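Open the model in your viewer and keep the selection panel at hand. Each stop below says what to select and what is there.

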Amino acid sequence: MKKYLSILLAIALLSGLAACGQANTKPVSNAQAAGRSVLVYGSNDYTRINPAMDEHGEINILLFNGLTAHDGSNAVVPGLAKRWEFDKQDCTYTFYLEETAAWHDGEPFTAEDVKFTIEAVMDPENGSENAPNFEDVRKITVLDSHTVSFQLDAPNVAFLDYMAMPVLPKHLLEGEDMQESDFFRNPVGTGPYKLESWDAGQAITLVKNDAYFKGAPKIDTIIFKIVPDSHAKAIQLESGELDLAQLTPKDTQLFAGKEGYRSYPMKTSDYRGILFNFQNAYWEKNRDLIPAICYAIDREAIINAVLLGQGIAAYGPLQRNIYNNENVEHYEYNPKKAAQVLTSVGCTMGDDGFYQRDGKTVGFTISVSAGDQVRIDMAQAAAQCLQQAGIQADVDILAQPDWSGQEAYLIGWGSPFDADDHTYKVFGTGKGANYSAYSNAQVDKYLTIARQSDHTKVRAKAYDKFQEALAQDPPYAFICYVDADYVADSSIKGITPDTVLGHHGVGIFWNAAEWTIE
């Protein structure tokens, strides 16, 4: 295990030394040479832009608005709704909408669009992973063209956070398939930027919306250049083909102290862990092995070797939230405890160095998606840890996850917003983002209590109990929280380095309409 991690660390150091021998200047980009206000961002690929069905997409916030939004401190602020009221007696939110907001095609934005969007998300036929956010909605009423109300069955303290859901145009999507419509390859929003062109697999070009209701953006064009390979992003940033990109910790070292660049090592709420797929028959017989797996992972070694120290060890989903419970079982690296758990459930060590149970080798396969080298390295390092502990763990690199069939998956989750986000729908029984098919009655109970109370002490106690129940019956072997390393052309001004980002490092563009290129 230590040998594998040492190899990873040596590769990282060699890359850093190679960078020291290169020129300490940045080439002039095409955009700069032409004097245009253009920002080229190194992006992963998109097959569609569908914020109602797909939660994560950096581009969404540029094209669309929700009724609410989040500022640089992740607090809820007005979006398409200029203000709102809450009637506690009948649990109803009333939103008063911006009257000058319009769709990119010139059609006026109205309350009908809001009703249409949230009903589409709630419709089980559409299969949105965001549906649990709105399951308390009993009735949506359009009071007039710029006023809409939501009556809830029960309080949901995170409701205003969830109303940051991008609103979609009813006049273009009514009657369309919300998963397959061509609209999601030619999206029309109300946001600060609008789609100019989409060259599949190459680039998505956005131009500023001069009619934007909050004022036209300062940068004329933002190009999402498709660069799926993480190291290629670093190469193209260095050559001037890109102006901004999220890089791996290793590649970020190439730009340390380099003239013409600025690095943004940003904290995130984004954690990594091994998801156990409880739909797979393996865990019906071997769920009691999970604590041993958790104890067998050397988190600090993985953070140092894979993330070059840019992260923290993970033990739960709320470590970057005010409701984190530090007193739960951390499953700190302890091979002796791992061995005790294995032997206590009847496993015996075989001659090949791996434990046996009922005549079969104890072990499983960790699946990981291709294209994310950090996750791949992390999965391989975790597998090495488990093998050293006597558990035969393998890594399978897949084009797409097989949520129903795979034994385990190197998962990533995390939200910088209300604690309900990425807990209720991720760990709640049968919820839309519960890809592990995890079910625990105590977890469900305390997540519901926390969701329905607006009293800080009540929520704190409920989230404490939730995290205790989760730690006693782990759905994941949590590994670490990752920092998001962005590197930008130093001429870009306005990026907020202290904003805590979300899953995949999403959130850096929250105020992109105010950015400038000097």
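Which residues of α11 are buried? Select Arg-299, Ala-301, Ile-302, Ile-303, Ala-305 and Val-306: these are the buried ones. Keep in mind that this is a predicted model. Helix α11 spans 299-306. Six of its eight residues are buried, so the rest of the structure largely encloses α11.

Step off the end of the helix. Just after α11 comes Leu-308, with a positive phi of about 55 degrees. Leu-308 sits in the loop that runs from α11 to β14 (311-313). Leu-308 is not a glycine. Most residues other than glycine have a negative phi.

Jump to Cys-91. Its phi is near 55 degrees, again a positive value in a residue other than glycine. Look for Cys-91 in the loop between β4 (81-87) and β5 (92-97). Is Cys-91 buried or exposed? Cys-91 is buried, at a relative accessible area of 9%.

**The nonpolar cores**

Now select Ile-274, Phe-364, Met-378 and Phe-427. These residues have the most contacts inside the largest nonpolar core, which has 71 residues.

Centre the view on Met-378. Which residues does Met-378 touch, leaving out those up to four places away in sequence? Its contacts include Ile-302 and Val-306, two of the buried residues of α11. Met-378 also touches Arg-272, Leu-307 and Leu-410. Ile-479, Cys-480 and Val-482 complete the set.

There is a second, separate core, of 68 residues. To find this second core, select Ile-59, Leu-62, Phe-64 and Phe-159, which are among its members.

Go to α12, residues 335-344. Colour Ala-338, Val-341 and Leu-342, the buried residues of this helix. Look down the axis of α12: the buried residues fall within an arc of 95 degrees, so they line one face of the helix. What do they pack against? Show α10 (290-295) and β16 (355-357), the partners of the buried residues of α12. Turn to the other side of α12, where Lys-336, Gln-340 and Ser-344 are exposed. Gly-346 follows α12, with a positive phi near 95 degrees.

**The cavities**

How many cavities of 30 Å³ or more does the structure hold? There are two.

Start with the largest cavity, about 110 Å³ in volume. Its lining has 16 residues. Select Tyr-315, Glu-329, Tyr-331, Ala-471 and Phe-478, which lie nearest the centre of the largest cavity. Next, show α16 (456-472) and β21 (476-482), each of which supplies at least two residues of this lining. Helix α16 gives the most, with three residues. Colour the lining of the largest cavity by class: eleven residues are nonpolar, three polar and two charged.

Finish at the second largest cavity, with a volume of about 80 Å³. This cavity is lined by 16 residues, and Ser-269, Pro-317, Leu-318, Asn-321 and Ser-415 are the closest to its centre. How do the lining residues of the second largest cavity divide by class? Six are nonpolar, seven polar and three charged.

Conventions: Residues are numbered from 1 along each chain as its sequence is written. This is a predicted model: local features need pLDDT of at least 70, side-chain atom pairs count only at pLDDT 80 or more; totals for chains, interfaces and linings use all residues. Side-chain values use heavy atoms; hydrogens and water are left out. On a 1 Å grid over the protein atoms alone, a cavity is a set of points where a 1.4 Å probe fits but cannot get out, and a pocket is an open set with protein on both sides within 12 Å along at least five of seven lines; lining residues have an atom within 4 Å of a point. Grid points are joined across faces, edges and corners, and a volume is the space filled by probe spheres set on the points. Helices (H or I, at least four residues) and strands (E, at least two) are DSSP runs, numbered from the N terminus. Ala, Val, Leu, Ile, Met, Phe, Trp, Tyr, Cys and Pro count as nonpolar, Asp, Glu, Lys and Arg as charged, and the others, Gly among them, as polar. Buried means under 20% relative accessible area, exposed over 50%, partly exposed in between (1.4 Å probe, protein chains only). The arc is that of the directions from the helix axis to the C-beta atoms. Contact means heavy atoms within 4.5 Å. A nonpolar core is a set of buried Ala, Val, Leu, Ile, Met, Phe, Trp, Tyr and Cys residues joined through side-chain atoms within 4.5 Å.
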